[in-house]
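Please examine the sequence and the three-dimensional structure shown below.

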Amino acid sequence: MVTLKSLKLPEMYHAFVSNPIPSPVPMLDFSRQFAPLRQEILDAITQVCDSQQFILGPRVAAFEVAAAAACASAFAIGCASGTDGLWLALTAARPRYDPHDGVITSPFSFFASASAILRAGARPLFADIDPRTFNLSPESVAKVLRTAAGQNVKAILPVHLYGQCADWDGFAAIERDHPGLFLIEDAAQAFGASWNGRPAGSLGHAAAFSFYPTKNLAAFGEAGLVTTSDSHLDQRARSLRSHGMTRRYFHDEVGWNCRLDAIQAAVLEVKLRYLPQGNQQRRERAVRYDELFQAAGIATTSTAASTKDGVVLPWTDPRATHIFHQYVIRAPRRDALRDYLTARRIGSEIYYPVPIHLQAALKDLGYNPGDFPHAELAATEVLALPMYPELRDDEQQTVVEAIRTFYA
């Protein structure tokens, strides 16, 4: 038996070169974005420190103006997180919710899409997803609205998952058929995305964004935003984020403390100027992944979202401008593939392994396995691969080659 120990030095060298250990490919690398913006960001933070205005104030107001313009929305309200943004948007949209009032959302999303509904005082109702985009299906929502539970629906909360807008033509048609129904965008992953040329954040009555550090537009901690073109909703959201105050220490209703820090606003205002370029680079990275998978011969071009013929690549609705917050494939034997990639120091993530309707915390809602088959199947197959503007060609090649080797 030949081992490395039994080989002489030249033989060891050739053995290593013929079987090289690939370099790590991180799921994310924050340092690559920070390096070229370092001084600009530090200068902005220094200005906040010198001003001694740390909560709301002129830096937050300046970011709100810039963000509203980017979203083609009349108003933007900075807040402490994307989760707070969802609660603010839902709560500002209505005087109050009764416990039997429903808000329809996707079962295939981050947990906050449902928990914010409960926090607003309403009941989450779920409808299945479109298996091609993973977004809430308008057809499934229409079915829910025809049921007894659907008679008490006050709002719909579509999620623009992975950076692609939900089918807003379908939801706009539902709104026309149900006057008084609010459409709230969960745009946590979609700052810069658009639908038929209209930016996310301007499609519904209001929208909520997250600036968690992993997002395309990323803060240096927690931060969020609400956008709307409704002046009443804007005023109420601003009051709610500051304990229900419209004047200092005069509380018109019970709100919450979820104001945006000025340091986060300063960081975001700098990064916002570079976001269009970063989102375009993400789209280019996505095209490169597509090309590499096709060349490797392991991808299916089917839009039926079935893994029986191989890896299913992301599908972009032609009406949407996808910003690829995540590049998510459907993978046969997903969990084994992820273990294989991890062993080779290649990052990946599962968004999301358990649909919301099957989460233990929400068992009292009464949903069961099999209620939303498309969402449940997606949870067993989706795998997010490394995706950020600074991702290199050779790193993408390493990722795809490792996946090809696994299936070979």
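The model is a predicted one.

Helix α4 is mostly covered, since 11 of its 12 residues are buried. Among the buried residues of α4 are Trp87, Leu88, Leu90 and Thr91.

How are two packed helices described? The description consists of the angle between their axes and the distance between the axes. The crossing of α4 past α8 is right-handed. On the α4 side the contact is formed by Trp87, Leu88, Thr91, Ala92 and Ala93, and on the α8 side by Leu233, Arg236, Ala237 and Leu240. Sorted by class, this contact of α4 with α8 comprises seven nonpolar residues, one polar residue and one charged residue.

Helix α4 also packs with helix α5 (residues 112-119), where the axes come within 9 Å and cross at roughly 45°. This arrangement makes α4 oblique to α5. The crossing of α4 and α5 is right-handed. Helix α4 contributes Thr83, Asp84, Leu86, Trp87 and Leu90 to the contact, while α5 contributes Ala112, Ser113, Ala116, Ile117 and Arg119. By class, the contact of α4 with α5 holds six nonpolar, two polar and two charged residues.

Helix α5 has its own buried residues, namely Ala112, Ser113, Ala114, Ala116 and Ile117. These buried residues pack against α4 and against the strands β2 (102-105), β3 (123-126), β4 (153-157) and β5 (182-186). Just after α5, Gly121 takes a positive phi of about 100°.

Attention now turns to strand β9 (residues 224-228), in which Thr228 is found. Is Thr228 buried or exposed? Its relative accessible area is 1%, and Thr228 is therefore buried. Not counting residues up to four places away in sequence, Thr228 touches Ser73, Ala74, Phe75, Ile77, His205, Ala206, Leu233 and Asp234. One of these, Leu233, also belongs to the contact of α8 with α4. The C-alpha atoms of Thr228 and Glu349 are 32 Å apart in space, and the two residues are 121 apart in sequence.

Val254 lies in the loop between β11 (250-251) and α9 (262-272). With 76% relative accessibility, Val254 counts as exposed.

The last topic is the backbone. Most residues other than glycine have a negative phi, and most peptide bonds are trans. Leu56, which is not a glycine, has a positive phi of about 55°. Leu56 is placed in the loop between α2 (30-51) and α3 (57-70), and is buried, with a relative accessible area of 18%. Tyr249 likewise has a positive phi, near 70°. This tyrosine, Tyr249, is in the loop between β10 (245-247) and β11, and counts as exposed at 60% relative accessibility. Finally, the peptide bond from Tyr351 to Tyr352 is cis, with omega near 20°. Tyr352 is in the loop between α11 (334-343) and α12 (373-381).

Technical notes
Residues numbered from 1 in each chain as written. Predicted model: local features only at pLDDT ≥ 70, side-chain atom pairs only at ≥ 80, totals over all residues. Heavy atoms only, no water. Left-handed = near helix turned anticlockwise from the far one by under 90°. Helix = DSSP H or I, 4+ residues; strand = E, 2+ residues; numbered from the N terminus. Contact = heavy atoms within 4.5 Å. Nonpolar A, V, L, I, M, F, W, Y, C, P; charged D, E, K, R; others polar. Buried < 20%, exposed > 50% of the residue type's maximum accessible area, 1.4 Å probe, protein only. Axes fitted to C-alpha atoms, helices over the stretch in contact; angles between N-to-C directions. Parallel < 35°, antiparallel > 145°, perpendicular 65-115°, else oblique.
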